[in-house]
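Colleague: I am new to this structure and would like to go through it with you. Could you show it to me before I ask about details?

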Amino acid sequence: MKRLLAAGAAFAAAALPAFADHEGRTRPADHAPIGVMADHRHKQGEVMVSFRYMRMNMEGSRVGTSPISPETIATTVPNIFFGTPGQPPTLRVVPTRMPMDMYMGGVMYGLTDRVTLMAMGMYVEREMDHITFAGGMGTDVLGEFTTNSSGFGDTTVGAIVGLDDGSSPDFEANLSLSLSIPTGSITETDQVLAPNGMTPTLRLPYPMQLGSGTFDLKPGATVRRHFGDISLGGQLMGVIRLEDNDEGYNFGNKGEASVWAAYEAAPWVSFSGRLRGETLGRIDGIDPMIVAPVQTANPDFQGGEQLEALIGVNLLGTSGVLRGHRLAVEAGFPLVRDLNGPQLESDRTITVGWQKAF
């Protein structure tokens, strides 16, 4: 939470009056780094289409700020389902790695110069590797297995409203409000390797589901300004769960703060650095069909706080067939992870995106 407050202070500082120059010129840093959503608005009648690919990799587990080994988890962390038939006293199945790929398509439309409508859908692919320890105690490994889930995720629709009058191309301040619609499945299943050697097909734990199952509000505020070839920006975003889903739980509320700086090395390229802080609550409720001796099945072992550093490049086509096309890349790595664990920890992320306004 302290990191979010610090990021919020930096966001407020970015809202000071801007110097006006480069009037009328489209610039590579007119858009935030590609990993930032709902950051800008469009002129009346303008349409922008976009596509983003994001890969996130998680590897190894952490409790609070400290790493923890699979052997320690398997022998010391209690299984909340112990007492249910077939459930051992400790977590005998331990995830070791989880890559996730997201393919996101979006469209924005300038309803007026101050109001932009937006919509985004996504396709998600998740994979999780596990170690299964034999029986109810000890560190003998029975085997390894991988679960997979893929399909359409949740859909977001909303609007961005400008707080400035648009008279300066070097300053923009916006409020945004979106609604996440639960179009992603929360009943995905796959075959697992149990500690008793059986291989049942079970409902997958929470991180492997494709959506939230709930309608979620996503309020936000973004500020960007230019100082010559330097631009500064900040954004605050939230996710507010409006209800429990049909399986009896919600993923917990989320807060996020980003601050970034970008340098335009040429009219067609800018380089950026960004800090992103996140706080995510534990899962509220429980799905009665998710019962397994694995940390990802425990609603309390979800969420926490993270601080991430990211570097990026924005490219802008300025002539010929590439004029107006934007291509951007941003890569991130964790600085601080304080997790409600044991929980898989984030390792690295990369986002690649294309945007074009008409």
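Modeller: The questions and answers below go through parts of this predicted model.

Colleague: Let us begin with the strands. How do S7 and S10 pair?

Modeller: Strand S7 covers residues 171-181 and strand S10 covers residues 216-227; the two pair in the antiparallel sense over ten bridges. Within this pairing, Leu-177 has Pro-219 in S10 as its bridge partner.

Colleague: And how many bridges join S10 to S11?

Modeller: Ten bridges join S10 to strand S11 (residues 230-241), and these strands run antiparallel. As for a particular position, His-226 stands opposite Ser-231 in S11. The hairpin of S10 and S11 has two residues between the strands, and Gly-228 takes a positive phi near 65° there.

Colleague: Which residue has a positive phi although it is not a glycine?

Modeller: Ala-38 does, with a phi of about 55°. Ala-38 lies in the loop between helix H1 (2-13) and S1.

Colleague: Is Ala-38 buried or exposed?

Modeller: Ala-38 has a relative accessible area of 15%, so it counts as buried, the limit for that class being under 20%.

Colleague: Where is there a cis peptide bond?

Modeller: The bond from Gly-341 to Pro-342 is cis, with omega near 10°. Pro-342 is part of strand S17.

Colleague: Where does Phe-51 sit?

Modeller: Phe-51 is in strand S1 (residues 47-64). Its relative accessibility is 40%, and therefore Phe-51 counts as partly exposed.

Colleague: Now the aromatic residues. How many aromatic pairs does the structure hold?

Modeller: There are four aromatic pairs. One of them is formed by Tyr-53 and Tyr-103, whose ring centres are 5.3 Å apart; their planes are at 40°, so the pair is tilted. This pair links distant parts of the chain, since Tyr-53 is in strand S1 and Tyr-103 in strand S3 (residues 93-110), 50 residues apart.

Colleague: How accessible are Tyr-53 and Tyr-103?

Modeller: Tyr-53 is partly exposed at 23% relative accessibility. Tyr-103 is partly exposed as well, with a relative accessible area of 29%.

Colleague: And why is the pair of Tyr-249 and Phe-251 called edge-to-face?

Modeller: The planes of Tyr-249 and Phe-251 are at 85°, so the pair is edge-to-face; the ring centres are 5.6 Å apart. Tyr-249 is buried at 0% relative accessibility, and Phe-251 is buried with a relative accessible area of 18%. Ring pairs also link Tyr-206 with Tyr-249 and Phe-251 into a cluster.

Colleague: Next, the charged residues. How many salt bridges are found in the whole structure?

Modeller: The search finds 19 salt bridges. Among them is the one between Asp-164 and Arg-41, with the closest N and O atoms 2.9 Å apart. Asp-164 is in the loop between strand S6 (155-162) and S7, while Arg-41 is in the loop between H1 and S1; the pair links distant parts of the chain, 123 residues apart. Both Asp-164 and Arg-41 are buried.

Colleague: What about Arg-97 and Asp-129?

Modeller: Their side chains meet in a salt bridge at 3.5 Å, N to O. Arg-97 lies in strand S3 and Asp-129 in strand S4 (residues 115-133), so the pair ties together parts that are 32 residues apart in sequence. Arg-97 is partly exposed, with a relative accessible area of 25%, whereas Asp-129 is buried at 18%.

Colleague: Which residue forms a salt bridge with Arg-337?

Modeller: Glu-345 does, and the closest N and O atoms are 3.7 Å apart. Glu-345 is buried at 10% relative accessibility, and Arg-337 is buried with a relative accessible area of 17%.

Colleague: Which residues are linked in a network of salt bridges?

Modeller: Lys-254, Glu-256, Arg-276, Glu-278 and Glu-308 are linked in this way.

Colleague: One last point: what does the side chain of Glu-264 contact?

Modeller: The side chain of Glu-264 makes a polar contact with the side chain of Arg-27, at 2.9 Å. Glu-264 is found in strand S13 (residues 254-266) and is buried, with a relative accessible area of 4%.

Methods
Residues numbered from 1 in each chain as written. Predicted model: local features only at pLDDT ≥ 70, side-chain atom pairs only at ≥ 80, totals over all residues. Heavy atoms only, no water. Helix = DSSP H or I, 4+ residues; strand = E, 2+ residues; numbered from the N terminus. Buried < 20%, exposed > 50% of the residue type's maximum accessible area, 1.4 Å probe, protein only. Pairing = 2+ DSSP bridges. Polar contact = N/O pair within 3.5 Å; in protein donor to acceptor, adjacent residues only side chain to side chain. Phe/Tyr/Trp six-rings, centres within 6.5 Å; stacked < 30°, edge-to-face > 60°. Salt bridge = Lys/Arg side-chain N within 4 Å of Asp/Glu carboxyl O.
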